[in-house]
Amino acid sequence: MRATPDADYVAYVSARQRQLLRAAWLVCGDRQLAEDLLQEALVKLALRWGRVRLENPDAWVRTVLYRDAVSSWRRRRREVVADLGTLEPAGFGSDWSGGADDGSLEDLAAIRVDLARALDTLTPKQRAVVVLRYFDDRSVGETADILGVSEGTVKSQTSVALGNLRAALPSLVMTEDDR
Amino acid sequence: MTDSDLTDLLDRATRDIPDPDWAERAWAAAARRRRRQWMGTAGVAAGVAVALGVTVVQLGGPTASVPAASATRSPLPSISGGPYAGQVALRQLLVTADGTEVWQGPTMSALGALQRSDILPADLVPPTSGPDLTAVVREAAGAASALRVVAVVPVGSGGQTGSPFTVWLALRSGSASTVTWARVPGRFPAPNQVLGANPVGFRAIDPTGTKVAIAGQRAVSVVDVRTGAVRALAVPNDPNLTGYQLTDAGYADDGTLVAWGADNAFVAEPRDTALRRVSSGTRPGRFALSDEQGQPKVLAYAADHTAQTVTTLNTRFGFFGGTAEVGQWLVRGGFPDPSELPQGMFALNGIMAAATDGSRVRILVVPEENNDQLLKGAFVAYGRVPGSPDEVLIGYRTSSRGTIATWNLTTNTLGFVGYGAPAAIRLSTS
């Protein structure tokens with residue numbers, strides 16, 4: 001393995017890293033964990049770049065990232081389950097306050113808190129399904145492939161997740177049929 | 001937020017996430033991980049590094065400068081026509097820079113086609129089952145010649161530190177040409193998870209061939225093949241050593257047992273019943289090849305066991321295993337720093353021989369036979385071949401097989417000895 005990064009690898013990562021980090025953050029809800037997950041996914045990608053570059057690196061790294069995010073968040077939930085009642089929404093506080101390009105910081109903070117509380121009502125896999133479908137704009141089939149589940153599971157998890165989100169965020173009027 | 005849909009909500013909530021540069025960091029971490037994989041497993045290692053700006057020389061033809069970036073897989077050297085029967089002369093000098101020669105040898109498969117030397121049994125692979133040491137010793141009690149250890153083979157660690165393993169001994173009685181395998185009773189816990197730890201090192205057999213040292217977490221197990229007994233020499237009961245773990249052990253040429261780990265070293269004379277703490281730099285040899293972050297150097301151990309740097313070598317090479325002293329040469333297996341490889345040069349496994357004064361450095365590399373981007377070979381040096389002042393017994397281990405060979409540093413030839421992956425081999429019965 002060469003010491004200097006492959007130019008195509010740099011180009012790919014530079015183009016995708018921010019979107020991947022945003023997705024990881026939404027799935028796991030923790031900034032540090034999200035960065036760790038992305039770093040690990042990109043390290044794995046680098047170790048296999050010779051082969052993966054010829055296939056579909058985006059699909060590959062997305063699969064690694066989402067599956068690791070689900071399993072990591074599942075472990076993390078088990079570890080903190082006793083304290084859930086007192087926890088602030090994990091990682092959605094003021095870690096990143098660089099300022100949104102629209103709306104005030106207070107609005108952004110409020111959105112994050114609301115979203116964090118709503119996402120916390122979901123299982124790790126439901127979170128991943130929601131992020132893949134409504135943030136990454138992936139189809140049911142693509143979502144199923146990435147998570148390694150059936151399309152039926154994606155549909156059912158989506159339905160349950162949206163129901164929970166509607167309950168947690170009454171102002172959210174979106175329905176599954178909208179997709 | 002009544003007008004927002006979920007997509008907009010997710011987008012807005014993450015819109016100000018920063019965009020740091022991950023590519024270089026992740027690539028560098030991957031390179032480090034690949035290197036650790038090579039270092040951390042006994043059966044996993046890789047090649048050789050030399051300084052950039054190298055010159056490629058084809059022996060037997062005109063010297064030609066080749067840009068490093070153009071280095072690619074080279075034709076394998078012929079294995080016929082060596083200066084001695086059953087030996088192959090290294091004919092392909094890959095690179096030379098600042099006194100360092102890098103020679104490409106044949107694949108181990110090709111080497112195995114040579115007529116083998118009979119200095120060892122052809123097969124030093126232990127059986128899957130067999131008698132334990134006590135039974136073998138009892139059976140040999142009536143024999144005229146006492147048992148001596150020829151080779152030590154730890155089995156079951158999977159090449160990973162931290163896993164318990166069993167130990168097989170290849171024993172020879174007198175001048176018998178065959179060996180008897182005996183299993184040392186029990187399983188031995190590997191010292192810890194320290195990368196590069198060698199609980200059974202190449203100096204595990206004492207000079208008399210009757211004892212074998214196996215480093216454990218808090219004690220060295222000494223196996224005596226004259227009686228079959230295994231006794232433990234423990235780390236001193238010192239509050240400063242609470243939780244301390246050994247990683248390595250081996251015998252000095254005078255029969256002193258030396259054990260060490262991070263920041264501490266211990267010795268035991270043949271009749272001692274416990275380890276005695278000594279200067280932390282104490283090692284069983286007089287010299288060693290060592291490296292700090294891939295920069296190799298020659299160390300000499302003074303009478304007070306302090307290590308003095310003799311010289312720093314002008315090449316890049318990372319080491320593992322132990323340093324064998326062979327005449328005026330020091331020999332140790334290792335791997336390259338990939339960052340020092342010429343652009344496009346394929347990774348190779350390596351073993352370095354350096355003159356004790358650093359004036360000459362010779363590196364032997366062999367091509368990978370498993371071209372799946374996983375480097376699975378590792379060279380080790382066992383020690384000098386008796387009767388041949390500049391010939392070293394070396395081993396090349398992979399996950400599936402080990403090959404034992406000789407490397408004559410005067411004639412620069414390789415010889416084939418047999419198969420197996422012992423941790424230690426003792427050729428002399430003196």
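The accessible surface of chain B comes to about 17,700 Å², and 50% of that area belongs to carbon and sulfur atoms; such areas come from the Shrake-Rupley method with a 1.4 Å probe, and for residues only the protein chains shown count as cover. This is a predicted model, in which local features need pLDDT of at least 70 and side-chain atom pairs count only at pLDDT 80 or more, whereas totals for chains, interfaces and linings use all residues. Residues are numbered from 1 along each chain as its sequence is written, chains are lettered from A and ligands numbered from 1 in the order in which they are written, and side-chain values use heavy atoms, with hydrogens and water left out.

Chain B has four helices and 27 strands, taken as DSSP runs numbered from the N terminus (H or I, at least four residues, for helices; E, at least two, for strands). Of its 430 residues, 53% count as buried, where buried means under 20% relative accessible area, exposed over 50%, and partly exposed in between (1.4 Å probe, protein chains only). Among contacts in chain B (heavy atoms within 4.5 Å) between residues at least 6 apart in sequence, 58% join residues at least 24 apart.

In soluble globular proteins, nonpolar side chains tend to be buried together. A nonpolar core is a set of buried Ala, Val, Leu, Ile, Met, Phe, Trp, Tyr and Cys residues joined through side-chain atoms within 4.5 Å. The largest such core holds 61 residues, and A:Y9, A:L42 and A:Y66 touch the most other members. Helix α1 of chain A, residues 7–28, gives the most to this core, with 11 residues. Apart from it lies another core, of 25 residues, among them B:L90, B:W103, B:V326 and B:F379. If residues up to four places away in sequence are not counted, the contacts of A:Y66 include A:A23, A:V27, A:L132 and A:D136.

Side chains of opposite charge can pair when their charged atoms come close. Over all chains the structure holds 15 salt bridges, each a side-chain nitrogen of Lys or Arg within 4 Å of a carboxyl oxygen of Asp or Glu. Three of these pairs are set out below.

| Salt bridge | N to O distance |
|---|---|
| A:R22 and B:D11 | 2.8 Å |
| B:R203 and B:D253 | 3.3 Å |
| B:R286 and B:E325 | 3.2 Å |

The pair of A:R22 and B:D11 crosses between chains, from helix α1 of chain A to helix α1 (residues 6–13) of chain B; A:R22 is buried at 6% relative accessibility, while B:D11 is partly exposed at 25%. B:D253 lies in the loop between β11 (246–251) and β12 (257–261) of chain B, and B:R203 in the loop between β7 (180–188) and β8 (211–215), so their pair ties together parts that are 50 residues apart in sequence. Of these two, B:D253 is exposed at 57%, and B:R203 is buried at 14%. B:R286 lies in the loop between β14 (276–278) and β15 (287–292) of chain B and B:E325 in strand β19 (residues 324–326), so this pair ties together parts 39 residues apart in sequence; B:E325 is buried, with a relative accessible area of 16%. Salt bridges that share partners also join A:R16, A:D58, A:R62 and A:D136 into one network.

The side chain of B:D224 reaches the backbone nitrogen of B:R226 at 2.9 Å.

Notes. Polar contact = N/O pair within 3.5 Å; in protein donor to acceptor, adjacent residues only side chain to side chain.
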